[in-house]
Amino acid sequence: MRRLRRTEALRSLVCETHLRPGALVYPLFLCPGEGVRKEIGSMPGVFNVSVDEAVKEAEACAALGIGGLLLFGLPSEKDEQASGAYASDGIVQQGLRALKANRRLDSLVLIADVCLCEYTSHGHCGIVARDGEHFVVENDASLALLAKTAVSLAAAGADIVAPSDMMDGRVAAIREALDAAGAEQTPILSYAAKFASAFYGPFREAADSAPQFGDRRSYQMDGANIREAMREIDLDVAEGADMVLMKPAGPYLDVIRAARERFELPLGAYQVSGEYSMLQAAFARGWLEPERAMMESLLSIRRAGADFIVTYFAKEAAKLLG
Ligand code: PBG
């Protein structure tokens, strides 16, 4: 076996898996204000940015050949109905309009996350009904608001809407609402297999979306279940998903592989905040070589079968690949 490992040229010739900037998606957290660039404590190098700063970030991403942006919003006010998620002047809607107006950004696919957790006062991904000590995240009442959010984001310029809430039936509800609103051409990237994961911890700081009570295990999946993940994808495909997103990525490579073997539609994987933060923590201590560890983590996700990767390393990786 070592004959083909002898030189860089030989190794390059027989390399089986490739990374390219165009298959990387960079998440952006939009916040109100101007000139705001606030670093997230648990995610070195990742910032909450106001719309003007987001345009600069996007220009840097486009120059690096990155494929797209995934947009999240931190609204100035939160309420029980998540009004900020579907307001026509909502923070992501404003961001989308500014990004779409800039022709230098035409090479970027603008993906808008569709969820309510950043916009609800209680931090859950849907409408909450409370009954004394107990609470339920109501499925069908949440669908109407998610559909409204998706329509509003498409109208503001989103190239793709990406529901991450994990309510049942949301893909069908969103598809129907988009079609009725004249957004037949807007694809749905469904976070079909999204596990209730401890690795979302730093994101909840970044997006200020930690649930104020309870947890997300009544809607996100149990990390023990791979067959159930396939059922989730089956259902989302049947409801009209154009592509699916798996998440987290690194701890769930077997799930990505299983999905790759079973489904023909485009498959993305989200290397989530905790995966990024734990590598950064090791880099800060000098315990891992940053470039090699970063590229290896991304290559593994590609090798498992993901067509594209959402990653906070997108800019760094694109620089190295460029
Ligand atoms: C919103 C959402 C979350 C992430 C993406 N969309 C957080 C959650 O479900 O609590 C996590 C992404 C990351 O950790 O980087 N529902």
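This is a predicted model: local features need pLDDT of at least 70, side-chain atom pairs count only at pLDDT 80 or more; totals for chains, interfaces and linings use all residues.
Trainee: Which residues touch the most other members of the largest nonpolar core?

Mentor: Those are Phe29, Leu69 and Tyr270, in a core that holds 114 residues. Helix α5, which covers residues 139-156, gives the most to this core, with 7 residues.

Trainee: And what does Leu69 touch?

Mentor: Leaving aside residues up to four places away in sequence, Leu69 touches several residues, including Val25, Tyr26, Leu28, Ala58 and Cys61, and also Leu99, Leu108, Val109, Leu110 and Ile111. In soluble globular proteins, nonpolar side chains tend to be buried together.

Trainee: Switching topic, where is Ser209, and is Ser209 buried or exposed?

Mentor: Ser209 sits in the loop that runs between α7 (201-206) and α8 (226-239). Ser209 counts as buried because its relative accessible area is 1%, and the cut-off for buried is under 20%.

Trainee: What does Ser209 touch, then?

Mentor: Not counting residues up to four places away in sequence, Ser209 touches Cys117, Glu118, Gly123, Phe203, Arg204 and Arg216.

Trainee: Arg204 again; which residues come nearest to the ligand?

Mentor: Of the 18 residues around the ligand, the nearest are Lys194, Arg204, Lys247, Ser273 and Tyr312. A polar side-chain atom of Arg204 lies 2.7 Å from an oxygen atom of the ligand, and an N or O atom in the side chain of Ser273 is likewise 2.7 Å from a ligand oxygen atom.

Trainee: How much of the ligand's accessible area does the protein cover?

Mentor: On its own the ligand has 400 Å² of accessible area, and the protein covers 100% of that.

Note on methods. Residues are numbered from 1 along each chain as its sequence is written. Side-chain values use heavy atoms; hydrogens and water are left out. A nonpolar core is a set of buried Ala, Val, Leu, Ile, Met, Phe, Trp, Tyr and Cys residues joined through side-chain atoms within 4.5 Å. Buried means under 20% relative accessible area, exposed over 50%, partly exposed in between (1.4 Å probe, protein chains only). Helices (H or I, at least four residues) and strands (E, at least two) are DSSP runs, numbered from the N terminus. Contact means heavy atoms within 4.5 Å. A residue is near a molecule or strand if one of its heavy atoms lies within 4 Å of it. A polar contact is a pair of N or O atoms within 3.5 Å; within protein, one must be able to donate a hydrogen and the other to accept it, and residues adjacent in sequence count only if both atoms are side-chain atoms. Accessible areas come from the Shrake-Rupley method with a 1.4 Å probe; for residues, only the protein chains shown count as cover.
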